[in-house]
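Biologist: I would like to go through this model with you. Can we take it piece by piece?

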Amino acid sequence: MFSPVFVCLPEMAVRLMKKNGSRIYTVYTLVAAMILSAAVAFSADRGLLSRYHFADKPEYRIKLPSSLREISGLAVSEAGKLFAHDDEVSTVFQLEPRSGRVLKKFHVITARWYGNGRIEDDFEDIAIAGNRFFLVTSSGTLYEFREGKNEEKVQAVVYKTGLGTSYEVEGLCYDPVTDALLLSCKKSAEKKGFRKTDERPVFSFPLTSMTLRKSPRFYVDARTVAASVGKKGFKPSAIARHPVSGTFFLLSAESRLIAEIDAGTGSLLNVIALPAAYHPQPEGMVVMPDNTLLISSEDILQGTVSAYSMRLK
């Protein structure tokens with residue numbers, strides 16, 4: 001079996017290696033390693049984050065109703081419908097993407113001691129996989145439910161990931177390639193034996209098994225991310241998958257940074273800072289079907305959503 005590094009080599013070279021044996025295999029291994037090392041230095045070209053010009057004013061900026069002053073997460077359905085949620089109560093809002101007008105809201109409920117009722121918890125993000133909706137809490141609890149009609153109460157199924165408050169889950173997105181939810185964590189759990197406290201794990205929750213994989217899919221080195229743009233911290237508050245590149249965008253509210261991560265290797269591709277004027281406390285993020293990037297922010301009086309179009313270069 002060949003090393004994964006050979007994805008950098010032309011198909012003809014791989015055929016030649018198979019034909020001529022181990023000596024050529026060794027030579028090409030060295031050449032491939034050199035190519036890979038050179039590629040890392042220009043890794044920004046492999047992603048799409050640089051296509052969004054955050055130094056400019058957002059293409060448009062929505063002011064949300066007071067009920068979404070503490071907006072937390074954003075998600076978009078296959079039909080292009082935009083959904084958001086508050087961070088304390090299990091109410092989901094469908095928003096008109098350009099105006100922020102609430103088109104409907106529905107309530108996620110579970111069985112309580114007094115009967116079925118809305119859930120009060122620390123909700124961090126929302127994701128959609130086909131017709132399946134998911135909310136995640138900071139302790140890693142997942143609630144699955146369907147889309148509801150206006151003011152409808154929809155029953156949720158609860159899944160315990162076992163992550164607990166040691167990790168402080170803040171981001172959730174769906175990866176169609178692996179048919180799994182990805183949960184990004186604000187911190188590491190040192191007692192669980194992770195390599196460094198600076199590494200923020202991103203876990204996979206396959207929808208085929210509905211069980212969290214114990215080993216993270218990848219880590220994000222917070223110190224490396226922050227230092228690349230002269231910052232001191234990086235604590236992911238949201239994660240989104242770009243539908244064109246398949247890369248993952250991780251957003252940090254604390255340092256107002258977005259990092260782009262390679263889906264295959266987990267390597268850092270790019271880091272860009274957000275202007276504080278438009279993003280006082282960025283908490284949610286999603287890429288729309290037309291590749292417009294939406295970023296939601298909490299604020300003192302009302303929440304906002306800022307939109308950035310993907311440029312040609």
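Biologist: Which residues does Leu-181 touch, not counting residues up to four places away in sequence?

Modeller: Bear in mind that this is a predicted model. Contact here means heavy atoms within 4.5 Å. By that cut-off, Leu-181 touches Ala-127, Phe-134, Leu-142, Leu-172, Cys-173, Tyr-174, Phe-203, Ser-204, Phe-205 and Leu-207.

Biologist: Which residue in strand 14 stands opposite Leu-181?

Modeller: Strand 13 covers residues 180-185 and pairs with strand 14 in the antiparallel sense over 5 bridges. Leu-182 stands opposite Ser-204. For Leu-181, the residue opposite is Phe-205.

Biologist: Which residues have the most contacts inside the largest nonpolar core?

Modeller: In soluble globular proteins, nonpolar side chains tend to be buried together. The largest nonpolar core here has 18 residues. Those with the most contacts inside it are Leu-172, Leu-181, Leu-183 and Phe-205.

Biologist: Which element gives the most to this core?

Modeller: Strand 7 (123-129), strand 8 (132-137), strand 12, strand 13 and strand 14 give two or more residues to this core. The one that gives the most, with 3 residues, is strand 13.

Biologist: Which strands are the edges of the open sheet?

Modeller: The sheet has 4 strands in the order 12-13-14-15, with antiparallel pairing. An edge strand pairs on one side only. That picks out strand 12 (169-175) and strand 15.

Biologist: What does the twist average from one strand to the next?

Modeller: Stay with the order 12-13-14-15. From one strand to the next, the twist averages 25°.

Biologist: How many residues of strand 14 are buried?

Modeller: Take the two faces in turn. Glu-199, Pro-201, Phe-203 and Phe-205 point one way, and all are buried. Arg-200, Val-202, Ser-204 and Pro-206 point the other way, and these are buried too. For strand 14, residues 199-206, the count is 8 of 8.

Biologist: Is Asn-291 buried or exposed?

Modeller: Asn-291 is in the loop between strand 20 (282-287) and strand 21 (293-297). Its contacts include Tyr-52, His-242 and Met-310. The cut-off for buried is under 20% relative accessible area. Asn-291 has 15% relative accessibility, so it counts as buried.

Terms used
Residues are numbered from 1 along each chain as its sequence is written. This is a predicted model: local features need pLDDT of at least 70, side-chain atom pairs count only at pLDDT 80 or more; totals for chains, interfaces and linings use all residues. Side-chain values use heavy atoms; hydrogens and water are left out. Buried means under 20% relative accessible area, exposed over 50%, partly exposed in between (1.4 Å probe, protein chains only). Two strands pair if DSSP finds at least two bridges between them. Axes are lines fitted to C-alpha atoms, for helices over the stretch in contact, and angles run from 0 to 180 degrees between N-to-C directions. A nonpolar core is a set of buried Ala, Val, Leu, Ile, Met, Phe, Trp, Tyr and Cys residues joined through side-chain atoms within 4.5 Å.
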